[in-house]
Amino acid sequence: MADRIDYESAEYRTLVDGDATPERYRALHDGEQADKLRLLGTSAVRGKMVADVGCGAGSFLDLVKGMAAGTLGIEPTATYHETLRAHGHVVVPYAADAAPDWRGRVDTAVCFSVIEHVDDPVALLRDVRTLLRPGGTLLISTPNLRDWMLEALPADYGAFFYRTGHTLYSDAASLARLGPAAGFAECEVRS
């Protein structure tokens with residue numbers, strides 16, 4: 001078995017992003033956030049309690065903070081916690097850690113490019129589900145195992161796609177099974 005990455009340390013972010021500073025994270029990820037909000041829709045965040053599972057340095061939370069009633073950053077990498085708090089976000093390392101205070105209080109949760117890193121995605125999604133209010137929304141993104149670029153550029157794109165730290169690869173069918181396995185009644189998968 002390969003060595004496991006310690007997501008609580010800066011090791012993973014340094015491996016993926018070149019360093020683990022909030023500034024580097026934002027430089028790499030701020031530009032992606034408007035598209036994520038467009039996909040989710042502003043009605044899912046305006047006046048709502050929003051949680052970002054695996055939020056990194058908080059690019060998405062920073063974007064929605066002015067619209068949301070409150071923001072909860074769930075991030076195991078401890079080097080980001082101070083910055084997240086300084087930006088006004090509540091911070092916990094894991095969704096399970098949030099449950100005592102946040103059970104049933106989150107309207108919208110997002111989980112961008114996270115489930116492919118965890119050993120038990122069903123357990124993660126169950127933990128997130130406990131945070132959601134009845135009727136709450138969870139938006140997940142993850143690399144698509146059926147990505148056309150894997151066929152078109154197997155060597156170049158494959159090196160990016162099959163990254164260190166990924167423990168799981170999904171396609172539409174596996175994602176459609178993941179939601180109900182975690183207790184979600186309604187799931188929609190888009191490619």
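This note goes through the sheet of a predicted model, then its crossovers and its ring contacts.

1. The sheet. Five strands form an open sheet: it has 5 strands in the order β3-β2-β1-β4-β5, and the pairing is parallel. The edge positions belong to β3 (90–92) and β5 (132–141); each has a single partner strand, so one side of each is left without a neighbour in the sheet. On average, neighbouring strands of this sheet are turned by 20 degrees against each other, direction ignored. As background, strands of a sheet pair through backbone hydrogen bonds, either parallel or antiparallel.

2. β1 beside β2. Strand β1 (residues 49–53) runs parallel to strand β2 (residues 70–74), and 5 bridges join them. Methionine 49 has glycine 70 of β2 as its bridge partner, and valine 53 stands opposite isoleucine 74 in β2.

3. β2 beside β3. β2 also runs parallel to β3, with 3 bridges between them. Here the bridge partner of isoleucine 74 is valine 92 in β3.

4. The crossovers. A right-handed β-α-β unit is made by β1, α4 and β2. From β2 the chain crosses through helix α5 (residues 81–86) to β3, and this β-α-β crossover is right-handed.

5. Is β2 covered or exposed? The strand is mostly covered, with 5 of its 5 residues buried. Gly70, Leu72 and Ile74 point one way from β2, whereas Thr71 and Gly73 point the other way; all are buried.

6. The aromatic pairs. The whole structure holds 2 aromatic pairs. One of them joins phenylalanine 60 and phenylalanine 112: the ring centres are 5.3 Å apart and the planes are at 70 degrees, so the pair is edge-to-face. An angle over 60 degrees is what counts as edge-to-face. Phenylalanine 60 belongs to helix α4 (residues 59–64) and phenylalanine 112 to strand β4 (residues 106–112), so the pair ties together parts that are 52 residues apart in sequence.

7. Burial of that pair. Buried means under 20% relative accessible area. Phenylalanine 60 counts as buried at 1% relative accessibility. Phenylalanine 112 has a relative accessible area of 10% and is buried.

8. A charge over a ring. Which ring does the charged end of arginine 105 sit over? The ring is that of tryptophan 102, and the charged end of arginine 105 is 4.1 Å from its centre.

Conventions. Residues are numbered from 1 along each chain as its sequence is written. This is a predicted model: local features need pLDDT of at least 70, side-chain atom pairs count only at pLDDT 80 or more; totals for chains, interfaces and linings use all residues. Side-chain values use heavy atoms; hydrogens and water are left out. Two strands pair if DSSP finds at least two bridges between them. Helices (H or I, at least four residues) and strands (E, at least two) are DSSP runs, numbered from the N terminus. Axes are lines fitted to C-alpha atoms, for helices over the stretch in contact, and angles run from 0 to 180 degrees between N-to-C directions. Rings of Phe, Tyr and Trp (its six-membered ring) pair if their centres lie within 6.5 Å; planes under 30 degrees apart count as stacked, over 60 as edge-to-face and the rest as tilted. Buried means under 20% relative accessible area, exposed over 50%, partly exposed in between (1.4 Å probe, protein chains only). A charge sits over a ring if NZ of Lys or CZ of Arg is within 6 Å of the ring centre and within 35 degrees of the ring normal. A crossover is right-handed if, with the strands pointing away from the viewer, the path from the first strand over the helix to the second runs clockwise.
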